[in-house]
Amino acid sequence: DAPWDEVPLAHSLVGFATAYDFLYNSLSKHQQERFLEVIANASRYMYDVSYSRGWGFQYLHNHQPTNCVALLTGSLVLMNQGYLQEAYLWTKQVLAIMEKFMVLLTDVTDGSLNEGVAYGSYTTRSLFQYMFLVQRHFEIGHFNHPWVKQHFAFLYRTILPGFQRSVAIADSNYNWFYGPESQLVFLDKYVMRNGS
């Protein structure tokens, strides 16, 4: 219903590329080639529109990490299959976008997001995927980022007795879309590392 919205494609690309990677050895040669072509076409499209759609240059909103993680996931699959030139360009674009996102978060000292708890939980789901993937594949570390450390405290406060709501610019409801369990587990394992 939203022809100018790549988010549905992004979710499909992440799922399809991940399944392709997991199931690669179980696929026939024809399936491997055909499915890789689908991943490449979707990734190429995401790369192309990243220069004209808002998520490529308007920072700190949920479409940005969602779409960038999709493009990065597609890039990693293609890189693994030897398509280095395109994968390099796509990865470079993701890093250019998301590293600016991370720089801007440095100024948010309380660990919150401008989109509040609901959309914020959706944003952090992909943001944390991005952080994990760039650490694993490129040794780019964000686990000591000041916002990330404060985000643990922000989310933790939302599960304490007496918490009612945190409303921000883009919130459509008062509670999380995702989490806070998955976000808190990620933050505890990779950022806090203290069993909080």
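The model is predicted, so local features need pLDDT of at least 70 and side-chain atom pairs count only at pLDDT 80 or more, while totals for chains, interfaces and linings use all residues. Residues are numbered from 1 along each chain as its sequence is written, and side-chain values use heavy atoms, with hydrogens and water left out.

Helix H2 covers residues 29-49 and helix H4 residues 84-105. Helices here are DSSP runs (H or I, at least four residues), numbered from the N terminus. The two axes come within 10 Å and cross at roughly 40°. Axes are lines fitted to C-alpha atoms over the stretch in contact, and angles run from 0 to 180 degrees between N-to-C directions. H2 is therefore oblique to H4 (under 35 degrees is roughly parallel, over 145 roughly antiparallel, 65 to 115 roughly perpendicular, the rest oblique). H2 contributes Ala40, Ser43, Arg44 and Tyr47 to the contact, and H4 contributes Glu86, Leu89, Trp90 and Gln93. Contact means heavy atoms within 4.5 Å. Four of these residues are nonpolar, two polar and two charged. In this scheme Ala, Val, Leu, Ile, Met, Phe, Trp, Tyr, Cys and Pro are nonpolar, Asp, Glu, Lys and Arg are charged, and the others, Gly among them, are polar.

Ala17 sits in helix H1 (residues 7-23). Its relative accessibility is 0%, so Ala17 counts as buried (buried is under 20% relative accessible area, exposed over 50%, partly exposed in between, with a 1.4 Å probe and protein chains only). Beyond four places in sequence, Ala17 is in contact with Ile39, Thr73 and Val77. Gly74 is 57 residues from Ala17 in sequence, yet the two C-alpha atoms are 6.0 Å apart.

The whole structure holds ten aromatic pairs. Rings of Phe, Tyr and Trp (its six-membered ring) pair if their centres lie within 6.5 Å; planes under 30 degrees apart are stacked, over 60 edge-to-face and the rest tilted. Phe16 and Phe35 form an edge-to-face pair, at 5.5 Å centre to centre and 75° between the planes. Phe16 belongs to helix H1 and Phe35 to helix H2, so the pair ties together parts that are 19 residues apart in sequence. Phe152 and Tyr156 are stacked, because their ring centres are 6.3 Å apart and their planes lie at 5°. These two residues are four apart in helix H6 (residues 146-157), which means a separation of about one helical turn. Phe152 is buried at 9%, whereas Tyr156 is partly exposed at 38%. Ring pairs also link Phe128, Phe132, Phe143, Phe186 and Tyr190 into a cluster.

The loop between H2 and helix H3 (63-80) contains Asn62. Asn62 is buried at 7% relative accessibility. Residues up to four places away aside, Asn62 touches Glu115, Tyr119, Tyr122 and Thr123. Leu60 lies in the loop between H2 and H3. Leu60 is not a glycine, but its phi is positive, near 65°. At 18% relative accessibility, Leu60 is buried. Glu139, also not a glycine, has a positive phi of about 55°. Glu139 is in the loop between helix H5 (116-138) and H6. With 70% relative accessibility, Glu139 is exposed.
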